[in-house]
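Try each task yourself before reading its solution.

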Amino acid sequence: SSSFFSFHSSHTPATMLVRQLRIVARRQRAAAMLARPFSASDKVENTPAGQALKGATNTILGSNLIDLHHKANIGLAVAMPVAFALSPHPIASVMDYGLMVLIPVHSHVSLNLVAEDYVPRGTMRSGARMLIAVISVITGAGLLKLNVAGPGITETVKSLWRGPEAGKKRGCHTR
């Protein structure tokens, strides 16, 4: 029975209070870690790189990234149908070069917004942004090659709905 009392003597009110405080502190740290990904400070515009990108965008276009995205949306909504309606007219090639710029800009900004919302902050988000930048450059280079060395963006897309014989009659470069 003496061991029973010695066991309980280590559970003084002071030690029990310390244990409770430690448990509460652990729970508060866990709650803070869960809330951190959803805080306003995680926004890209609050990081030094985000501030630099926002400043560069404002300098170049007088707008922020969201405004650039909206301008690209409007540009695509206007340029796409006009380019398809005009193709194969020579003016369509001018529209193709506009699309060559608008498509990668639109996809780059959109994918960065998705990464901001869904990719965890830190190295993973930085890696995702690097991958998005590489994909955007490759997309732009592919569209440039299609416009310079091929039939253009609109004629290439239109050829998906044509048979192989129709492309040869119109002078499209099919391989």
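**Exercise 1.** In which helix is His-69 found? Then decide whether His-69 is buried or exposed.

*Solution.* A word on the source first: this is a predicted model, in which local features need pLDDT of at least 70 and side-chain atom pairs count only at pLDDT 80 or more, while totals for chains, interfaces and linings use all residues. Residues are numbered from 1 along each chain as its sequence is written, and side-chain values use heavy atoms, with hydrogens and water left out.

Step 1: His-69 sits in helix α4. Helices here are DSSP runs (H or I, at least four residues), as strands are (E, at least two), numbered from the N terminus.

Step 2: The relative accessible area of His-69 is 13%, so His-69 is buried. The classes are buried under 20%, exposed over 50% and partly exposed in between (1.4 Å probe, protein chains only).

Step 3: Look at what touches His-69. Neighbours within four places in sequence aside, His-69 is in contact with His-106, Val-109 and Ser-110; contact means heavy atoms within 4.5 Å.

**Exercise 2.** How many helices and strands does the chain have?

*Solution.* Step 1: Count the elements, and you get 8 helices and 0 strands.

Step 1: Turn to burial for the chain. Of its 175 residues, 21% are buried.

**Exercise 3.** Which residues make up the largest nonpolar core?

*Solution.* Step 1: Apply the rule: a nonpolar core is a set of buried Ala, Val, Leu, Ile, Met, Phe, Trp, Tyr and Cys residues joined through side-chain atoms within 4.5 Å.

Step 1: The largest such set has 8 residues: Leu-76, Ala-79, Ala-83, Met-95, Leu-99, Met-100, Leu-143 and Ile-153. Helices α4 (65–86) and α5 (90–118) each supply at least two residues of this core.

Step 2: Zoom in on Leu-76. Apart from neighbours within four places in sequence, its contacts are Pro-81, Leu-99, Leu-102, Ile-103 and His-106.

**Exercise 4.** What span should the 29 residues of α5 have at 1.5 Å a residue?

*Solution.* Step 1: The expected span is 1.5 Å times one less than the number of residues.

Step 1: For α5 this gives 42 Å, and its end C-alpha atoms are 42 Å apart, so the two agree.

**Exercise 5.** Where does Pro-88 lie?

*Solution.* Step 1: Pro-88 is in the loop between α4 and α5.

Step 1: Check the bond before it. From Ser-87 to Pro-88 the peptide bond is cis, with omega near 10 degrees.

**Exercise 6.** Which residue forms a salt bridge with Arg-162?

*Solution.* Step 1: Side chains of opposite charge can pair when their charged atoms come close.

Step 1: The cut-off is a side-chain nitrogen of Lys or Arg within 4 Å of a carboxyl oxygen of Asp or Glu. By this rule there is 1 salt bridge.

Step 2: The partner is Glu-155, with the closest N and O atoms 3.0 Å apart. Both Glu-155 and Arg-162 are buried.
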